[in-house]
Amino acid sequence: MRDEVKKNRSAFIPHPSSLIPSYIPPKRRFGQNFLADERIIERIIREVRPLEAETIVEIGPGQGALTSRLIEKTGRLCAVEFDRDLIPLLHEKFGTRANFTLIEGDALAVNLCSVIAPSTQARVVANLPYYISTAILQRLIEQRACLTEMVLMLQREVVERITAPPASGERGFLSVLVEAYCEAESLFDVPPTAFRPVPKVWSTVVRLRVRPQMGVVVANENLLWRIVSIGFAQRRKTIFNNLRSAPVDLISLIEKAGGAEHALESAGIEKERRAETLTLEEWGNLSRLLESL
Ligand code: SAM
């Protein structure tokens, strides 16, 4: 009898791999809308065309929908996942692949240039969590020194903002920022039904090629971004009125340029215009004028 109990007990000792649940419920707080449509996955992979001679960084591999396809052809794949519950699953699926590195971390904090070392350049592929997609995009742009291209799935409205030309209602800080550092190409729209769980919004896949040189020549990039940010501070106001409400240190620069009206005139910008009508070159004119003072 005793032996029988022992036997049954040992029969219930789980194998280590069976401890990893094959289904992990998606978490809304991590923006988890997993890609579930093979045709969309295939299309993204076709657009990326991973190469054996390159390193790719995947932000948010999730349950591996894109990872499993990228890993087949990429020389080296570094994946950054924040949800620690997904880590064992990802190790189980891809841990034996020599070209796979998994980093448990926050894409907003991780230093990608260190992650990809000894490689010095990489491309990024991601179906980004929407709740922080623009923050991650800004962080990627900050780290552009080691990135050549990003193929990103974003909320459709975000891609419309990124690609908005001057004078369009969607143009904002993000449009000018992306235009300065990248060439953007909207690739295709993705319906909500391609994801599980199904989100409320459409998505768009966009390609951002990092420019070898910034799209506008300025000596002080920080000053440029402060001016753009102030210019867009209140969208319904003219650029003239937004500049007049700038913080003190910037106001004193503007005063040195003879005041907001004169500064705008010297930069070739009519004072009645709103920030969304300015071209990247015009933002550059204004910034160069102030940085020279
Ligand atoms: N790539 C998978 C796919 O297409 O099915 C998952 C995409 S899902 C929209 C976003 C992924 O990003 C999730 O796996 C989520 O846990 C992860 N994530 C969320 N916040 C993150 C962060 N701050 N850093 C890195 N990954 C994050």
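This report describes aromatic pairs, charges over rings, cysteines, the ligand surroundings and two further residues in a predicted model.

## Basis of the model

Because the model is predicted, local features need pLDDT of at least 70 and side-chain atom pairs count only at pLDDT 80 or more, whereas totals for chains, interfaces and linings use all residues. Residues are numbered from 1 along each chain as its sequence is written, and side-chain values use heavy atoms, with hydrogens and water left out.

## Aromatic rings

A pair of aromatic rings is described by the distance of the centres and the angle of the planes. Rings of Phe, Tyr and Trp (its six-membered ring) pair if their centres lie within 6.5 Å; planes under 30 degrees apart count as stacked, over 60 as edge-to-face and the rest as tilted. The count by this rule is five aromatic pairs. In one of them, the ring centres of Phe30 and Phe82 are 5.6 Å apart and the planes stand at 75°, so this pair is edge-to-face. The two residues belong to distant parts of the chain, 52 residues apart: Phe30 is in the loop between helix H1 (2–11) and strand S1 (34–35), and Phe82 is in the loop between strand S3 (76–81) and helix H4 (87–94). Helices (H or I, at least four residues) and strands (E, at least two) are DSSP runs, numbered from the N terminus. Phe30 has a relative accessible area of 18% and is buried, whereas Phe82, at 42%, is partly exposed. Buried means under 20% relative accessible area, exposed over 50%, and partly exposed in between (1.4 Å probe, protein chains only).

Phe232 and Trp283 form a tilted pair, with 5.7 Å from centre to centre and 35° between the planes. Phe232 lies in the loop between helix H9 (221–231) and helix H10 (239–244), and Trp283 lies in helix H13 (residues 280–291), so the pair ties together parts that are 51 residues apart in sequence. Both Phe232 and Trp283 are buried. Elsewhere, Phe173, Tyr181 and Trp225 form one aromatic cluster.

## Charges over rings

A charge sits over a ring if NZ of Lys or CZ of Arg is within 6 Å of the ring centre and within 35 degrees of the ring normal. Tyr181, a member of the aromatic cluster, has the charged end of Arg144 over its ring, 3.9 Å from the centre. Arg43 lies over the face of Phe188, at 4.1 Å from the ring centre.

## Cysteines

The whole structure holds one disulfide, a term for a pair of cysteine sulfur atoms within 2.5 Å. This disulfide is formed by Cys113 and Cys146, with sulfur atoms 2.2 Å apart. The torsion about their S-S bond is about -80°, so the disulfide is left-handed. Cys113 is in helix H5 (residues 112–116) and Cys146 is in the loop between helix H6 (133–142) and strand S6 (147–155); this pair links distant parts of the chain, 33 residues apart. Cys113 is partly exposed, at 30% relative accessible area, while Cys146 is buried, at 3%.

The sulfur of Cys78 is 11 Å from the closest cysteine sulfur, that of Cys146, which is too far for a bond. Cys78 is buried, with 0% relative accessibility. Cys182 is in no disulfide either, and its nearest cysteine sulfur, in Cys146, is 13 Å away. With 2% relative accessibility, Cys182 is also buried.

## Surroundings of the ligand

The ligand is surrounded by 24 residues, the closest being Gln32, Leu35, Gly60, Glu81 and Asp106. A residue counts as near a molecule if one of its heavy atoms lies within 4 Å of it. S1 and S3 each supply at least two residues of this shell.

An oxygen atom of the ligand is 2.9 Å from an N or O atom in the side chain of Gln32. An oxygen atom of the ligand is also 2.8 Å from a polar backbone atom of Leu35. A ligand nitrogen atom is 3.0 Å from an N or O atom in the side chain of Tyr131. Taken alone the ligand exposes 590 Å², and the protein buries 99% of that. Accessible areas come from the Shrake-Rupley method with a 1.4 Å probe; for residues, only the protein chains shown count as cover.

## Two further buried residues

Val228 lies in helix H9 and is buried, with a relative accessible area of 0%. The C-alpha atoms of Val228 and Leu174 are separated by 9.7 Å, although the two residues are 54 residues apart along the chain.

Arg207 is placed in strand S9 (residues 203–210) and is buried at 8% relative accessibility. The side chains of Arg207 and Glu149 are joined by a polar contact of 3.2 Å. A polar contact is a pair of N or O atoms within 3.5 Å; within protein, one must be able to donate a hydrogen and the other to accept it, and residues adjacent in sequence count only if both atoms are side-chain atoms.
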